[in-house]
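Here's a quick tour of the pockets in this model, plus a look at some of the packing around them. Have the structure open as you read.

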Amino acid sequence: MSFLQSQYVAVVALITAVLLWASSFKKQPIRKGDFRWLIFMAFCEPCMYFVFESQAITYTSASQAGMICSTLPLLMAVSARFILNEDLSRRTLTGFALAVCGGIWLSLASESTEHAPNPVLGNFLEFLA
């Protein structure tokens, strides 16, 4: 399969996905109180995420940043517990504790190198991202 053919397949898949998504989309009314949260989300996701992520990569290695970033699903589960009052299993809490301890251990045990001049700061910025 040539490059042009693979692009054609990708475009057809994209168009199909958009059409399927658009046909299942239900309009939700936007209330006045929603704008405050939408503006906050717009500030956090594209703006602050890329600021913290780009600064983190200048201070730590990509492998360490990936390890810190891999704790995101567990952080979402714990956040859902506090925000949405969802139940968490003992297994999830144990995984969260291990992930946080591993991230702290990774940060404290890492050494400064040419490619990671300040890994503790970089890992903290990655956690904030």
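This is a predicted model: local features need pLDDT of at least 70, side-chain atom pairs count only at pLDDT 80 or more; totals for chains, interfaces and linings use all residues.

## The largest pocket

By class, the largest pocket is lined by 14 nonpolar, one polar and two charged residues. Residues are numbered from 1 along each chain as its sequence is written, and side-chain values use heavy atoms, with hydrogens and water left out.

The volume of this largest pocket comes to about 400 Å³. Of its 17 lining residues, E45, Y49, L72, L128 and A129 are the closest to the centre. Two or more lining residues come from each of helix 2 (34-59), helix 3 (62-69), helix 4 (72-84) and helix 6 (119-128), and helix 2 has the largest share with seven. Helices here are DSSP runs (H or I, at least four residues), numbered from the N terminus.

A pocket, by the way, is an open set of points on a 1 Å grid over the protein atoms alone where a 1.4 Å probe fits, with protein on both sides within 12 Å along at least five of seven lines; lining residues have an atom within 4 Å of a point. Points are joined across faces, edges and corners, and the volume is the space filled by probe spheres set on them.

## The second largest pocket

Next up is a pocket of about 250 Å³. It has 15 lining residues, with I68, V100, G103, I104 and F127 nearest its centre.

Q64 sits in helix 3 and is buried (under 20% relative accessible area), at 13%. Leaving out residues up to four places away in sequence, Q64 touches L106, S110, P119 and N123, where contact means heavy atoms within 4.5 Å. Q64 and G122 are 58 residues apart in sequence, yet 8.8 Å apart C-alpha to C-alpha.

Over in helix 6, P119, G122, N123, L125 and E126 are buried. Seen down the helix axis, these buried residues fall within an arc of 160°, so they line one face of helix 6; the arc is taken from the directions from the axis to the C-beta atoms. The buried residues of helix 6 pack against helix 2, helix 3 and helix 5.

Note on methods: Ala, Val, Leu, Ile, Met, Phe, Trp, Tyr, Cys and Pro count as nonpolar, Asp, Glu, Lys and Arg as charged, and the others, Gly among them, as polar. Buried means under 20% relative accessible area, exposed over 50%, partly exposed in between (1.4 Å probe, protein chains only).
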